[in-house]
Amino acid sequence: MLFAVLGSPVSHSLSPPMQSAAFRALALDAKYDAREVAPPELEAVLEMLHEEGYAGLNLTAPLKEAVWPLLAGATPEAESLRSVNTLKRLGKGWEGHATDGLGFASWARDVSLVTPRARVLVVGAGGAARAAAPYLAALGASAVTVIARSASRAAAVTALGERRNGGTAWSAMGLEDHPEVGPFDLLVRTLSIPTLASGEESWWRALAEGAVLFDMNYGPRADTVRRAADAAKLRHMDGLGMLLHQGALSFTYWTGREAPLDAMRLALERAAGT
């Protein structure tokens, strides 16, 4: 069986060692590689990989939303988000699934990321934000504010959250806005860029003492934000744990087998040097 992760950039991805360890742990004859693919190339690449017999794929930025019109089918989770990070081969074409939000929620429960009645600030409005934000209410958040360069895209994320979790207070703002809001107990950074966006750090002033800054990036791509968080005396967490949980869900979606979490975790830790 053949599998791969597609994205641009993709060289930083730790999915290949993690998924390869899972296949070895269950003695499955499978290979998993990484391929640099930009959005204009995606349709042709998907057709080529289908012809080559690939059984499943992961997608990272900026492909999670770009792939939607190219799918032959989608799971209910993907349908609700119109953003996918996992593809499974069908007889003709690919079915899309979204494990980012489910993986985020699974990991967040494990580490008690969202405290009861927490006020949460979400930075970004792309596929990762659309996947994760709706789960914040179920995890215990009392209020969620989404900020993005485009206030209208931020509002689309909050609208999705309201449809799925109406009891939480949702609000959306532009990244360059500086209203009197907060204090926030948790910042969830969903931006794929490894550097701070213009105006992003100014929002850190709205974080409460002892707040957690969770950056979905991991490895070297999380270093800049980690250093800035340390300088601001904020507790920083990267996306390695979330990657483990969403990767496990992808593995089960492809194979129908329970993912060997211990083997996957060990491979991630070794690859990340932690």
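User: Two strands pair if DSSP finds at least two bridges between them. With that in hand, what is the bridge partner of F184 in β11?

Analyst: The partner of F184 is L207. Keep in mind that this is a predicted model.

User: How many bridges are there between β10 and β11, and do they run parallel or antiparallel?

Analyst: There are five bridges between β10 and β11 (residues 207-215), and the pairing is parallel.

User: What holds paired strands together in general?

Analyst: Backbone hydrogen bonds do, and the strands of a sheet can pair either parallel or antiparallel.

User: Is β10 enclosed or open to the outside, and why?

Analyst: Strand β10 (residues 184-189) is largely enclosed by the rest of the structure, because five of its six residues are buried. Buried here means under 20% relative accessible area.

User: What is the order of the strands in the open sheet?

Analyst: The order is β9-β8-β7-β10-β11-β12, six strands with parallel pairing. The edge strands are β9 (169-174) and β12 (235-237), and each of them pairs on one side only. From one strand to the next, the twist averages 20°.

User: Switching to helices. At what angle do α4 and α5 pack?

Analyst: About 40°, with the axes of α4 (residues 100-111) and α5 (residues 127-138) 7 Å apart. That makes α4 oblique to α5.

User: Is the crossing of α4 and α5 left-handed or right-handed?

Analyst: The crossing is right-handed.

User: Which residues make the contact?

Analyst: From α4, D100, G101, L102, F104 and A105; from α5, A131, A132, Y135 and L136. By class, this contact of α4 with α5 has seven nonpolar residues, one polar and one charged.

User: New topic: where is T60?

Analyst: T60 is in the loop between β3 (54-59) and β4 (73-74).

User: What is T60 in contact with, leaving aside neighbours within four places in sequence?

Analyst: With those neighbours left aside, T60 is in contact with L6, G7, P9 and V10.

User: And what separates the C-alpha atoms of T60 and R153?

Analyst: A distance of 19 Å separates the C-alpha atoms of T60 and R153, and the two residues are 93 residues apart along the chain.

Conventions. Residues numbered from 1 in each chain as written. Predicted model: local features only at pLDDT ≥ 70, side-chain atom pairs only at ≥ 80, totals over all residues. Heavy atoms only, no water. Axes fitted to C-alpha atoms, helices over the stretch in contact; angles between N-to-C directions. Helix = DSSP H or I, 4+ residues; strand = E, 2+ residues; numbered from the N terminus. Parallel < 35°, antiparallel > 145°, perpendicular 65-115°, else oblique. Left-handed = near helix turned anticlockwise from the far one by under 90°. Contact = heavy atoms within 4.5 Å. Nonpolar A, V, L, I, M, F, W, Y, C, P; charged D, E, K, R; others polar. Buried < 20%, exposed > 50% of the residue type's maximum accessible area, 1.4 Å probe, protein only.
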